[in-house]
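Here's a quick tour of a protein model, written for someone who likes to know the cut-offs. Have a look at it first.

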Amino acid sequence: MSFDISFSFFDHEEKHRIPKAALRARFAKHIESEEENGCWRLVFDEGPTFAEVSSGKDDFIGGFVVRRPPDYLEFWEIVAGILRDFPCLLYWPNVPPLGIVGSLDMIQHIPRGFIEAMGIPFVSTDPERIRQYVGDNS
């Protein structure tokens, strides 16, 4: 895919921060290289990719971006795990912007401005359904 997907962490409509190490652990076996600015180039067994995860240099992060997310199911399994295990909203550019959360409970934590702009996010932790929804709506 030739666009970016963004992840933001929220708690009670406020930015929430998680340890960057927890995110890195999710992608660890796929990190081909790491740049000084906190950008990880990803590689998957399924084939080549130009995907990069950009989370910055801080030890605690309020979100991250994946540039050029690959279509590989293994990538979307990582995404589904992040949505399931963290207070997270996945969103990407669209008109209007669209989002995905891992549970209905998460919706109450997203700032009202996000909900007003994008509507109620799609809810799923199924990697194939998430991949399909992002593909169909981008």
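Two strands count as paired if DSSP finds at least two bridges between them; strands themselves are DSSP runs of E with at least two residues, helices are runs of H or I with at least four, and both are numbered from the N terminus. With that settled, a hairpin joins strand 9 to strand 10 through five residues. This is a predicted model, where local features need pLDDT of at least 70, side-chain atom pairs count only at pLDDT 80 or more, and totals for chains, interfaces and linings use all residues. Residues are numbered from 1 along each chain as its sequence is written, and side-chain values use heavy atoms, leaving out hydrogens and water.

Strand 9 (residues 88-92) has partners in strand 1 (residues 4-11), antiparallel with four bridges, and in strand 10 (residues 98-101), also antiparallel over four bridges. Tyrosine 91 faces serine 6 and stands opposite glycine 99 in strand 10. How many residues of strand 9 are buried? Four of its five are, buried being under 20% relative accessible area, exposed over 50% and partly exposed in between (1.4 Å probe, protein chains only).

Most residues other than glycine have a negative phi.

| Residue | Phi |
|---|---|
| Histidine 12 | near 50 degrees |
| Arginine 68 | about 55 degrees |

Histidine 12 sits in the loop between strand 1 and strand 2 (14-15), and counts as exposed because its relative accessibility is 58%. Arginine 68 belongs to the loop between strand 8 (63-67) and helix 2; at 32% relative accessible area, this arginine is partly exposed.
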